[in-house]
Amino acid sequence: MNKKSLAIASILALLLFGNPRNVAAQDNWTYQRALDYALSHNLTVQQSVLQKRLAELTLKQNQMARLPTLNGGASGEYRFGRNISFESNTYVNTANFSSGVSLNTGVDLFGWFQKQNTVAASKYQVYASNFLLERARNDMGVNVANAFLQILLANEQVKISKSQVDLSMAQLENTKKLVAAGSVPESNQADLEAQLARDSSTLVAAQNTSIVNVLQMKALLNLDFAVPFVVELPENIERIPVLNLWETAPEMVYSAALATYPQYRADSMYVKAANKSLASARGAMYPNLSLSAGINTSYANTIKEGFGPITTGTQTIGYLKNDPTSLVETASFSQDRRTVPFGDQLSNNFGQNVGLTLGIPIFNGWRARGNVERAKIDVQDRQLTLDINRQKLRQDVYTAHANAVGAFQKYQAAITTERASQKAYDFATKRFNVGLMNTVEYITTQTNLFKAQIDKVSALYDYIFKIKLLEFYRDQRITL
């Protein structure tokens, strides 16, 4: 690789990482800080919070449904044309205005504990929503830990790749001097230039992977992509406290997980809620007794009453049948009339009612029976879900244990390989410097060491995550 190509690669790396001074000026992110931020801002966690609030609202509604109902009403009506007279109760052509007010209450006295069972089912659903929120937060801990370790791994790979580039550049400069002095053939320089190009390409790929991992973490945290994010490396990543695999049997971890795993506990609550819903559905098939009461009154502008002095007199009403000349008179009374005052009408028309209602379901389109059968199926479905998730939990625990054991063994093998590759590279360097090894063989030894270093770092972080996942199943938390 010539100087122009190296300059282009360096500029590309700088663009990928941004301004180093800006990055250095930012606070570092520890795992705990990232987790706390995710628990407050992650969209999935926020959605679980809303589901919990919805369950709590449903419970409150069902609890309030047990209280008596109280409803008031008011009406006003203007009639014209042929209508019934409020005074004579006959049809007349008139116009009138009427209004009324009412207040009614009702309460279920006995409904075979339908509402009580509905409230109990809602309580269990609230418990389940709390456990599901806990699971969302625990899962967020796992996801953040995985993303955090992936960033650390990518950063380590960048460091190793950069060291490899620096080493190749130093070897190339030294070889150029030897070629100029005629000590080694020019092909050695060409081989090292090709190796430097490959190492530079690997470095750029590692830097890009690091940036992608940071973007994934920002998405997980719901953090603005423009905000710099620099992780804080633990003091000694290889000494992070981990479980002792050989003293932690998967069955013991599974037993501990059953007592603390939120999903399993939520499923248990859903089974109980389904049973209470079944009891409520059965209650709808039996008679229901309710009490109702109400008061009401009304006003109409056509209702009249007399007022003032009464005037007496006589009034001819006809003649005698046998004597057409004889008048028949009767006493008459007259008085002025007015609309009965509003307050008086409300008092005069004030009425009350109270009653008991016994509802007996006889036939309602098989709705009640269908609801019972549906509730029975829901109970069975919830129980199967509980069994399925319990079986899956056991499988996940055993798989996590097997993966942790495999990761530990892989890490130990990677350590051995890295040590052997380092030793081989040291010998190869000595032989290459005295001209006893050609460039191709030397580059192969160097590549093997580079690959062993990358494999060791990858195996280390994979082992840490696998063992932490097993720890999560046991304690429902992850520490780094």
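**Rings, charges and a helix face**

Colleague: Which residues sit in one aromatic cluster with W29?

Modeller: Y37 and F229 do; with W29 they make up one aromatic cluster. The pairing rule takes the rings of Phe, Tyr and Trp (its six-membered ring) with centres within 6.5 Å; planes under 30 degrees apart are stacked, over 60 edge-to-face, the rest tilted.

Colleague: What should I know about the model first?

Modeller: It is a predicted model, so local features need pLDDT of at least 70 and side-chain atom pairs count only at pLDDT 80 or more, while totals for chains, interfaces and linings use all residues. Residues are numbered from 1 along each chain as its sequence is written, and side-chain values use heavy atoms, leaving out hydrogens and water.

Colleague: Back to rings. How many aromatic pairs are there?

Modeller: The count is 12 aromatic pairs. Take W29 and Y37: their ring centres are 5.6 Å apart and their planes are at 80°, so this pair is edge-to-face.

Colleague: Is W29 buried or exposed?

Modeller: W29 is buried, at 5% relative accessible area. Y37 is partly exposed, at 23%. Buried means under 20% relative accessible area, exposed over 50%, partly exposed in between (1.4 Å probe, protein chains only).

Colleague: And how are Y124 and Y127 arranged?

Modeller: Edge-to-face, with 6.1 Å centre to centre and 75° between the planes. Both are in helix α5 (residues 114-181), 3 residues apart, so about one helical turn separates them. Y124 is partly exposed at 23% relative accessibility. Y127 is partly exposed too, at 40%. Helices here are DSSP runs (H or I, at least four residues), as are strands (E, at least two), numbered from the N terminus.

Colleague: Switching to salt bridges. How many does the whole structure have?

Modeller: The search finds 13. Each needs a side-chain nitrogen of Lys or Arg within 4 Å of a carboxyl oxygen of Asp or Glu.

Colleague: What does D108 pair with?

Modeller: K115, with the closest N and O atoms 3.0 Å apart. D108 is partly exposed at 38% relative accessibility. K115 is also partly exposed, at 31%.

Colleague: Give me one in α10. How far apart are D387 and R390 along the helix?

Modeller: They are 3 residues apart in α10, about one turn.

Colleague: Now α7. Which residues are buried there?

Modeller: In α7 (residues 250-260), P250, V253, Y254 and A257 are buried. They lie on the same side of α7, because they cover an arc of only 100° around the axis. That arc is taken from the directions from the helix axis to the C-beta atoms.

Colleague: What covers them?

Modeller: The cover includes α10 (367-433) and α11 (439-475).

Colleague: Next, A121. Where is it?

Modeller: A121 is in helix α5. A121 is buried, with a relative accessible area of 3%. Leaving aside residues up to four places away in sequence, A121 touches A273, K276 and S277. Contact means heavy atoms within 4.5 Å.

Colleague: How far is A121 from L153?

Modeller: Their C-alpha atoms are separated by 48 Å, and the two are 32 residues apart along the chain.

Colleague: Last one. What is phi of N222?

Modeller: Near 60°, a positive value in a residue other than glycine. Most residues other than glycine have a negative phi. N222 is in the loop between α6 (186-221) and β6 (230-231). N222 is partly exposed, at 37% relative accessible area.
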